[in-house]
Amino acid sequence: MKPERTPPPSDAALAELAAAGVRVLISSEPDIMAASRQARLLAERLGFSRSAAYHVATATSELANNLLTHAGGGRLSANLLDERFGSGRLGLELLAEDEGPGIADPALALTEGYSTGRGLGCGLPGVKRLMDDFSLEPRPGGGTRVWAVKWR
Amino acid sequence: MNTAFQRLQHDQRAELLADWLQHLTTTFDRHHAHPSSLDIQREVLFNAILATLAGVPSDDFRLDPESELGRHLSRLIAEQARQLANPADSIGSLLALKSILARALIALDAESPVIDELLWLDRVFDGLSLFAFKSFVDIRERLIAEQSLSLLELSTPVLRVWHQVLLLPLVGVIDTQRARQVTERLLESIAQYEARVTILDLTGVPVLDTSVAQHLMKTIDAARLLGTRIVMTGISPEGAQTLTKLGIRFADVISRATLRAGIAEALLIVGRRIAPLNEERPA
């Protein structure tokens, strides 16, 4: 049984969603939950399927958790990616930025089961699998920037 | 020679008080019943404010919480904060008194300017407003902290389903504090009831991610050491998919889709089953 695809939101609704991105400053545990909840809400309003919205929520909480445990906090945002006039797709973009110590070895950080903290070591590789596009790069001013997109 | 405030205190106390109370009744008390004790409290506060104003002006007025005025004000604010009144109303009622006093001051002596007195009035009410604001926020914060504590208490019941069978329904967000409390309660109950099976129902957990999974694994490990088996129930299809994508494995944990199936499984482990009353007994 294939889940029914909901129709995409109307243009007016999209314009509203584009303006109403999620921006959460992560500095304590409740912020993680708030970010995850808001990202899920955004995904649902964009018409993502239940499981895709759940993936977005989980990816958000993984990224926010990383910000808190490894960089002592950071910014997390979720935005609408409107490529209807290019590739014809609608997506949801997650962006996690911190001013932490940076990731020494990005390839290693994406390895299953590797963790510098006390985690399970499946957060970042998990996010990569939960989302469709993914990139991890050092920020110009120091720190790390993780970008991930889920397409509808 | 008396200062302007001493003259106000002496000659117009009753009128000014009546003015203020009247103003408060028409502006702020319209929507809710107005307990008579409030008027008395307001009068006490009014007298204390007037006494402070009639005292020696200082350049830097800061309200001492231990002074008489400080105690009266914080008592009044505490009551308003507990009744979930609007903070703007609390401060607004103080500022209303300030404008009444300012007008009285100007009317008192049209000949000589009362600038020094007005400035003193301003300093005192600035101090009072800051103090009121701070106590209001303090009290609300304490209320919120108390409420979230009681919510935490409420949200982690360990239920006894049957002899040696426990049920732990998890509802809501599982953060570090919650996980610790859940584990503590569960272990206590397992020991108390000598539980052989514990059903962990995750139906009410909004998002499963690695940190939640990690908390659950620790809880499960500790519970196992006390000799109970864990039956996990209520993982949604999306949750299951997400957990596999994250590469998380709950080794050696029996999992059932629904709480119903989980209870049946748990009873089976302790050698029971739920059967209809009129079931034909084997001959």
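Two residues are in contact here if their C-beta atoms, placed from the backbone, lie within 7 Å. Keep that in mind. And note that this is a predicted model.

Start with A:Ala39. Which residues does A:Ala39 touch, leaving out those up to four places away in sequence? The list is A:Val22, A:Val56, A:Ala57, A:Thr60, A:Ala78 and A:Leu94.

Now widen the view. A:Ala39 belongs to the largest nonpolar core, which has 63 residues. A:Ala39, A:Ala43, A:Val56, A:Leu63 and B:Ile199 touch the most other members. Helix 3 of chain A, residues 50-71, gives this core its largest share, nine residues. As background, nonpolar side chains tend to be buried together in soluble globular proteins.

Next, the contact between the chains. Chain A brings 21 residues and chain B brings 18. On the chain A side, helix 2 (29-45), helix 3 and helix 5 (123-130) each supply at least two residues. Which helix of chain A gives the most to that side? Helix 3 does, with nine residues.

Last stop: helix 1 of chain B, residues 4-11. In that helix, B:Ala4, B:Phe5 and B:Leu8 are buried. Why do they count as being on the same side of helix 1 of chain B? Because they cover an arc of only 100° around the axis.

Technical notes. Residues numbered from 1 in each chain as written. Chains lettered and ligands numbered in written order. Predicted model: local features only at pLDDT ≥ 70, side-chain atom pairs only at ≥ 80, totals over all residues. Core = buried A, V, L, I, M, F, W, Y, C linked by C-beta atoms within 7 Å. Buried ≥ 20, exposed ≤ 12 C-beta atoms within 10 Å, placed from the backbone. Helix = DSSP H or I, 4+ residues; strand = E, 2+ residues; numbered from the N terminus. Arc of directions from axis to C-beta.
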